[in-house]
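Subject: Structure handover

Hello,

Here is the structure I promised to pass on. My notes on it follow below.

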Amino acid sequence: MLKKYLITALREIYKNKTFSIIHIFGLSMGIAAFVLILQYSFYELSYEKFYKNADQIYRVRQDRYDKGKLSTTWGAGCAAVGPAIKKEFPEVLAFGRLIGIGGIININERPFREDKMYAVNSSFLSMLPVKLLAGVDSTALEEPMTAVISESIARKYYGSIDVIGKTFRLNKVAVFKITGIFKDLPDNTHLKYNILISWATYVKWNGPGVETAWFWDGFYTYIKLQKGTDIKAFEKKMNVFTDKQTESLTRQYNQSAIYILQPLKDIHLHSNLMWEAEVNGDVKTVYFLMVIAFIILIIAWVNYINLSTVKAIFRSREVAIRKISGAFRIQLINQFLTESFAINIIASILALVLVLVTMPYFRTLTGRALSLSTPGFWIVFISMIVIGPIVSGIYPALVISSFKPMAIFRGKLNGGPGGVSLRKV
């Protein structure tokens, strides 16, 4: 029976080419817009989710007070807080500390500028974690003047990833030995880096005082907490502890700081502070765009309903003849729903073609590495293909199947119960 419905549906689509093209093109444009906006929204919501232990990792951000008044809210903070709380609290399993290092690197006497470069402590690699393709993460950044670089940087500057032991020069002075190669990071992370140099190098440049500096700002600190840690309770006792460490400095400078834990997954969409690692997004904008996407899709479906209901008048004699021939109303409803499914599926395929054609331009517009590989996106898209034909096809099917043969032949056909009013709405 389904095969018969499908053959009849395809014949009807082919017979009414102009009307079918309007139906399909209108739906496909709405679906394509829905897909593009939804893909961007899903991408923004996917930040940091590729980390296995993301739920346990927090950034320690800082609010600085001057003479009792809030003066700055930082994404970064002091250098001392990470090792201090790691030593004091058993809940802290590991900490990562890093600071941006800019400059010109020279490789084989060729200068290149790299901005995504940080000095990091050795435990940073295993905490996030950074996947090393070569080298040992526990020792790669222990010694001064050592560095690990990304796979893409290795291929870009050296032509391969077989570069362990090779060197590069920073700002024409400092010579670094490459001790590790890490896999390129996905784009959906707020903290992007291509080169990491050892924290021991930064201490060598600035002196051992940087290790315990509480009012030396500009350092990012990340901590990994034990599962089940009460974050609010931990924040409270952490600040009690840090206040004790900075009592003399607070009295001397009349300044103080409060440390706040930010979940790693929340940073991109929920944080717009001074000294962010990059310009972040905004969760309200993302949700607003998702609402817009669904409104566009609903408008496309409503247009389909309207056109199908208007078209019903031209199929009234077909319905009358089928009913006189013994067709039940449920059979007519199934037939018209099958047509709706066929049109929606064709429109969805065309929409995906439009998306694939326009995706490169949309990537440029958004500045995001968008693709159609997000699992959550496909769940929504397939659900839309299943639900869409029912939502958009049920009303026209009910209207068309409700026509009475005698009323049709007498020319007393109306648009169905409340049809005109609903179409106007």
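The largest pocket is lined by Phe50, Tyr51, Lys52, Pro129, Val130, Lys131, Lys183, Asp184, Leu185 and Pro186. A pocket here is an open set of points on a 1 Å grid over the protein atoms alone, where a 1.4 Å probe fits, with protein on both sides within 12 Å along at least five of seven lines; lining residues have an atom within 4 Å of a point. This lining divides into 6 nonpolar, no polar and 4 charged residues; Tyr and Pro count as nonpolar, Lys and Asp as charged.

This is a predicted model, in which local features need pLDDT of at least 70 and side-chain atom pairs pLDDT 80 or more, while totals for linings use all residues. Residues are numbered from 1 along each chain, and side-chain values use heavy atoms, without hydrogens and water.

Next, two helices (DSSP runs of H or I, at least four residues). In contact (heavy atoms within 4.5 Å), Val81, Ala84, Ile85 and Glu88 in α3 meet Met238, Phe241 and Thr242 in α7. The residues of this contact divide into 5 nonpolar, 1 polar and 1 charged.

Regards
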